[in-house]
Structure formats: structure tokens, C-alpha cells
Amino acid sequence: MSAEVPVTARIAAVRNSLQPSERRVADLIVDDPDAVIELTAQQIADRVGVGRATVVRACQTFGYRGYPQLRVALAAERGRRAAPAPTAEDGPLGGIRSAIDRIADDLRAATSLLDAGVVAQVVDAVVGARRLLVVASGLSAPVATDLAMRLTAVGRSAETVGDPIGQQIAARHLAPDDVCIVISGSGANEASLRAAAAARAAGARVIALTSFVASPLTERADLTLALASGGTFRDELEHTSRIAHAVFAEAFVDAVAHARSGDAARARARVLEILSDNLGDAG
């Protein structure tokens, strides 16, 4: 990982692969970063009930030489993210504005885990696939539907199936020159894992769009796009990952359209004709 990846994003990306003792260290750092900045490695160890060596090992797993380096990086991150909390007079709107500001900060780090070479391979795979199937379940399902629709709109036909069993059937009917994109924030959704396994059994190429660099889904994928999250683990599972995925999907479609050049322009022109035909006179 590059030095620019925020501490909390590094932790979110590897949390699923941590040992239980290291996970306790990770959760403390994410849940109470301001307190952690003021603590020594031994104090952190005492607070979560592990040995000091576990704290150091966890920091190294996150990509730092040791705890001092993580502490400095965390202090810098907290300084960048510092913002006044909404006051009682702000009411619901103040809370909404604060949440949007937090999400905007998280989105700036979303692509920090991505590798340019892998992204280029994914774009090439999507452009060149004979058939393209996009699958997801649960909170990620709307992202899959949106991605398939947007890709189709730029001339790269993409299929999506809402029913989990239907997804597995469609994936199993793929061929070696086909691609299956599997979207799962946690990388552990059972329905999505079954669809990925079905696609692999068919010989198709599997691309994972997820939030963790190590998960059951990434083990089944040929290529992985892991989006960083600067929020808490609960944010990652419930909210932030889907927002990051939705924003990434829109930008990714633009990259595919650029790779398709004139074909995408002609496809968009046809889409605009259809949209124009379906607009009522009242508008």
C-alpha cells in the first residue's frame, strides 16, 4: 500500500484477515483514534488485553514499521479530517451536512488501494468480454443494477439477475471468454460467493469489487478492485462501502467508454434519442 492510504482505510482493507488479537487492536484504533494518538503501544496492549508485540505486529500488518509510524500517520489523518461537530441549533440539517462532509472525506481515499495495472486489466477484460454478467446481493444489489445499466448505455452490453439462484444459473452458463463482476462490500456474502464459484466453474473470468483486500470473495476472483474506507467497520458494512462503490461504478463506466472510443459515443447518441422520445410535452 502507498503511504497516502489513510490509517483507517488500511485497517478496513485488511480487517477480515486479522487474527482475533490483532483485530482488537484494529478496532480500538478505528473506534477511538483521538485517544490512541495519546497512548503508548503498551497502553494500547493493556487496554485491549494483548501483548505489546501484538500491537507492533498489527501495525506492521497495516503497512507501518511499528507503532510510532502508525501514531504519526493517524495524527496527520485526524488533522486533515478535523471538522466542527454540528450544534444542537443546526437540527437535522446540521447532522445531514456533517454526515455528507464525512462521506466526502472518505471518498477522497476510496481509490488509494487500487493498482493502476489491475484497473487497466479490468477495463480491458470488460471491454473484450463476449458476455458480461454483474451480480450482487443485499445492500450491494442496487450498485450491480446501476453498473449493468450504465455499461449497456455506453454500448458494452451487461446482464444482471436479481434472484440469487438465478445469478448462480446465469454464472454457470458463462464461458471462458466471458466475465463476471461480483460486487460485495464485505466480500463474504454467501449468495455472491456461490455466484463467483459458479462463474469460475464455467471458466469465466471473475472480477471482485469489494472493500477488503483479503476475503472469501478475493480468493475466488481473478482480479480484485478493493475500495478503501476511512470510516468505522460498521460504516463500511452498512453505508460507506456502497457509496464508494456507486461512485466508482460511474467513473469506471467512463473509463470503459473511453476505451471503446467511437462505439461508446454512438451508443450514447442512441440512448439520448430514446430519452428524448420518452420525454413528455409538459416538461
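Predicted model: local features only at pLDDT ≥ 70, side-chain atom pairs only at ≥ 80, totals over all residues.
Helix H1 spans residues 7–14, and helix H2 spans residues 20–31. Their axes come within 10 Å. They cross at roughly 145°, and the crossing is left-handed. On the H1 side, the contact is formed by Val-7, Thr-8 and Ile-11. These residues meet Ala-26, Ile-29 and Val-30 of H2. Five of the residues in this contact are nonpolar, one is polar and none is charged.

Helix H10 covers residues 164–172. Its buried residues are Gly-166, Gln-167, Ala-170 and Ala-171. Viewed down the axis of H10, these residues fall within an arc of 135°, so they line one face of the helix. The cover over them includes strand E1 (132–136) and helix H11 (190–201).

Thr-218 belongs to helix H12, residues 216–220. Its relative accessibility is 13%. Buried means under 20%, so Thr-218 counts as buried. A polar atom of the Thr-218 side chain lies 2.8 Å from the backbone oxygen of Ser-215. Beyond its neighbours within four places in sequence, Thr-218 is in contact with Thr-210, Phe-212, Val-213 and Thr-224.

Conventions:
Residues numbered from 1 in each chain as written. Heavy atoms only, no water. Axes fitted to C-alpha atoms, helices over the stretch in contact; angles between N-to-C directions. Helix = DSSP H or I, 4+ residues; strand = E, 2+ residues; numbered from the N terminus. Left-handed = near helix turned anticlockwise from the far one by under 90°. Contact = heavy atoms within 4.5 Å. Nonpolar A, V, L, I, M, F, W, Y, C, P; charged D, E, K, R; others polar. Buried < 20%, exposed > 50% of the residue type's maximum accessible area, 1.4 Å probe, protein only. Polar contact = N/O pair within 3.5 Å; in protein donor to acceptor, adjacent residues only side chain to side chain. Arc of directions from axis to C-beta.
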